[in-house]
Amino acid sequence: MPQNTTEFVQLPMLALRGLHVFPGMMLTFDVERAASVASLNAAVKNDQLIFLAAQKLLTADMPQENEIYHVGTVCRIRQQLRQPRSNICRVMVEGIYRAEADSITPDPKGYTAMAAPLEDKKERVSAARREALLRSCLSQFEEYIQYNPEMVTEQILNLLANPNPIYVSNYIAQNVRFSVEDRQAILEELYPSRRLALINRLLSHELNVLSIEKELSEATQEAMNRSQRDYYLREEMKVIQSELGEDDDIERYREKINALPVSDEVRDKLIKELGRLQKQPFGSSEAAVLRNYLDVCLEIPWGKTTKETVNIDRARKKLDDDHYGLEKVKERVLEYLAVKQLSPDIKGGLICLVGPPGTGKTSIAQSIAAATNRKLVRISLGGVHDEAEIRGHRRTYIGSMPGRIISGIIQAGSCNPLMVLDEIDKLASDYRGDPSAALLEALDGEQNGSFRDNFLEIPFDLSGVFFVTTANTTDTIPRALLDRMEVIELPSYTDEEKLQIAKQHLIPKQRRKHGLKAAQLKMDDGAIREIIASYTRESGVRTLEREIANVCRKTAGGIAEEKFKSLSLHSGNVAELLGPAKFKPEALRRRDEVGLVRGLAYTSVGGEVLDVEVSVVDGTGRLELTGNLGDVMKESARAAVTFIRSRAKMLGIDPDFYKDKDIHIHFPEGAIPKDGPSAGITVTIALISALTGTPVRRDVAMTGEITLRGRVLPIGGLREKTMGALRAGVRTVIIPADNESDLDNIDQNVRAKLNFVTAETVDSILDVALVRPDGSSKPMQPPCPHQAKELCAVRQ
């Protein structure tokens, strides 16, 4: 800072904490630090003059020279008062003039400073501007006084009586609560007009802050007043409610809770929540949440159960009346009832019904509930993404509710219902959690005795629930969840089973639904078989039921229009009602062909025949695979090529065929995706036929996985595949030797009409699948140690 004089005088110095003294102003403050008291004593001996400057860091007890502002005020001590039995000294000083310290000597025995006066600098400012700055400062200071009730209005009169810019700036800076840095900036400013402009800006900012503080204070005060008013009103309302008897709600809740057959843990939790409800003010949102929670907890059928049926014959009759077939499921339910009869304390069970759509998984669960005399609850899990759907939402969320399992218990009104978890294979997961993981506790018999729903926050016993889950496939069910379930597979229905289901269940049901009597619509077995073969292609009977419903509608329409009084449907006149056949029966080809083999596939609609075509042309050894194939099927085709290369000489094939021949393997119906390893043996036989020019028997179909060594590995879905083979007119089916035991599970009608050949290696089935060139009984290749075994159609 430039100086107007170089006359430095050594003066006692005192460092101020958060305070400033301006020239012409009075300040009273307490002095406590020993060094400050020593400086004060030295000043008393030195003509009462002392140099006061603010320290930069308020927490410094012995500030050094660089921690003290060098621009301060030389003051005169007007009054000094020492408090008895204390080191504190109260002193009143009056600012004389600004000064700047050239050096400051910190000393515990008293600070000293070499200080020189700082005079205001002359400036060229118009009188009008100076007057405007002065008026603005006075106006804002007057407004500032209004925000501070402790400041008397006479202060503004003092300024108006002495409108000197220097006095006004010093007075305002001394009395307004500016920060230490802002006051120091005012003190160091030597141009009076600039000092007024700076004060003007600082006052404007301070007024904005005070305005906001006032708004906040008024809002807080208003809220407090409103809260007090609400409190008094609530107290009055309590008295009124007590007079009207509305306080009885709490007592009714208490009586219901005490009457519940629950553990002490559950009862204590509910009583605690009731106490919270009792303390809530009338009409509060928290009270509504607590009432909803208590209502849900009281709706749960604690300890209520239905008495199960132990009469096995009655249960068997009920199951047989409702469903045709499904023997494994019925047997499992009757076994459970038998164990229940011998051991009444046994808890609920858990089975998983897996099968294609329309095979009766959900409906058999309903029949199980009726047969065991349990309440039925059905929960659809298809497309559920949120874990809270299973375990419930926490009460912190608006509109929270218990999960589907607890909701199902409330719906059933019993603690031991039969709960159907439908489409469990179609659960999904996202950022909201994994519902399948939430089911682990509920479906585990060792854990579900204390299942905790997020909404209830109290344990509930699910061990008495009989869980029945349904799925179309187990591939998408998490392994940990699948491990907890007893899986029962429901196979596709055979045509004979569909016929019986239609006669015993579907036709009577649709007659009742359409208001028809048995005499008004008659359908013989031939007509039903024609509908099954020509108008449906499915594993279950849903499409069959829709076609029967179509027949019933047309019959009802004809009777209503008086075209006829009754209708008898026979084989041959079905097309008159249902139109042209949607599916044409598959038939054998007219002749045996080279490179064309019939494979067997298992699809969502049951078993089907899948042709494999192979064409070999001159080329550069390129292998082409077409037909919308998956990776597994492509790998099976490459494995078949490698196997044939290893046996080329034995099969009479040019060993260099893979160099100078292009091989194209095609699976017809290219729009349908295909995958799986079971076509390996089919591709191998087709390749051998195409490379040797030997035709393949048109009445033979095969299935099995192939290895590089030519071994035939087992496959799945044999029951459905054999039914597809029978529909296609196939007479001989080649299957892996390891699947021989599965023949006991296939339909006996299919078993009687087909000839089955088991094989361990590809070599052992060449004579069965290929037509010998000379038509003799001589084999095409040397005998293989693993010859095919032909099984009789009907075992004795």
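This note goes through the predicted model point by point, from the basis of the values to its pocket, sheets, helices and loops.

1. Basis of the values. The model is predicted, so local features are reported only where pLDDT is at least 70 and side-chain atom pairs only at pLDDT 80 or more, while totals for chains, interfaces and linings use all residues. Residues are numbered from 1 along each chain as its sequence is written, and side-chain values use heavy atoms, with hydrogens and water left out.

2. The largest pocket. The largest pocket holds about 1100 Å³ of space; a pocket here is an open set of points on a 1 Å grid over the protein atoms alone, where a 1.4 Å probe fits, with protein on both sides within 12 Å along at least five of seven lines. Its volume is the space filled by probe spheres set on the points, which are joined across faces, edges and corners. The lining of the largest pocket comprises 34 residues, a lining residue being one with an atom within 4 Å of a point. Nearest the centre of the pocket lie Glu-489, Leu-490, Pro-491, Arg-719 and Glu-720.

3. Composition of the lining. The lining of the largest pocket divides into 14 nonpolar, 10 polar and 10 charged residues, where Ala, Val, Leu, Ile, Met, Phe, Trp, Tyr, Cys and Pro count as nonpolar, Asp, Glu, Lys and Arg as charged, and the others, Gly among them, as polar. At least two lining residues come from each of helix H11 (327-342), strand S13 (486-489) and helix H25 (718-727); helices (H or I, at least four residues) and strands (E, at least two) are DSSP runs numbered from the N terminus.

4. The open five-stranded sheet. Strand S13 also belongs to an open sheet of five strands with parallel pairing, in the order S8-S9-S12-S7-S13, and two strands are taken to pair if DSSP finds at least two bridges between them. Strand S8 (376-380) and S13 are the edge strands, each pairing on one side only. From one strand to the next the twist averages 20°, the axes being lines fitted to C-alpha atoms and the angles running from 0 to 180 degrees between N-to-C directions. Five bridges join S8 to strand S9 (residues 418-422) in the parallel sense, with Ile-379 opposite Leu-421 in S9.

5. A residue of S7. Strand S7 (residues 350-354) contains Leu-353, which is buried at a relative accessible area of 0%; buried means under 20% relative accessible area, exposed over 50% and partly exposed in between, with a 1.4 Å probe and protein chains only. Leu-353 and Thr-469 are 116 residues apart in sequence, yet their C-alpha atoms are 6.1 Å apart in space.

6. Strand S25 and its partners. All five of the five residues of strand S25 (residues 732-736) are buried. S25 runs parallel to strand S22 (residues 700-702), with three bridges, and parallel to strand S26 (residues 755-759), with five bridges. Val-733 of S25 stands opposite Ala-701 and has Phe-756 as its bridge partner in S26. From S25 the chain crosses through helix H26 (residues 748-753) to S26 in a right-handed β-α-β crossover, meaning that, with the strands pointing away from the viewer, the path from the first strand over the helix to the second runs clockwise.

7. Helix H15 (residues 435-443) is largely enclosed by the rest of the structure, because seven of its nine residues are buried. Among them are Pro-435, Leu-439 and Glu-441.

8. S5 and S6 form a hairpin with five residues between them, and Gly-110 in the turn has a positive phi of about 130°.

9. Most residues other than glycine have a negative phi. Glu-423, in the loop between S9 and H15, has a positive phi of about 55° although it is not a glycine, and Glu-423 is partly exposed at 24% relative accessible area. Glu-457, in the loop between strand S10 (451-452) and strand S11 (459-460), likewise has a positive phi, near 65°, and counts as partly exposed at 33% relative accessibility.
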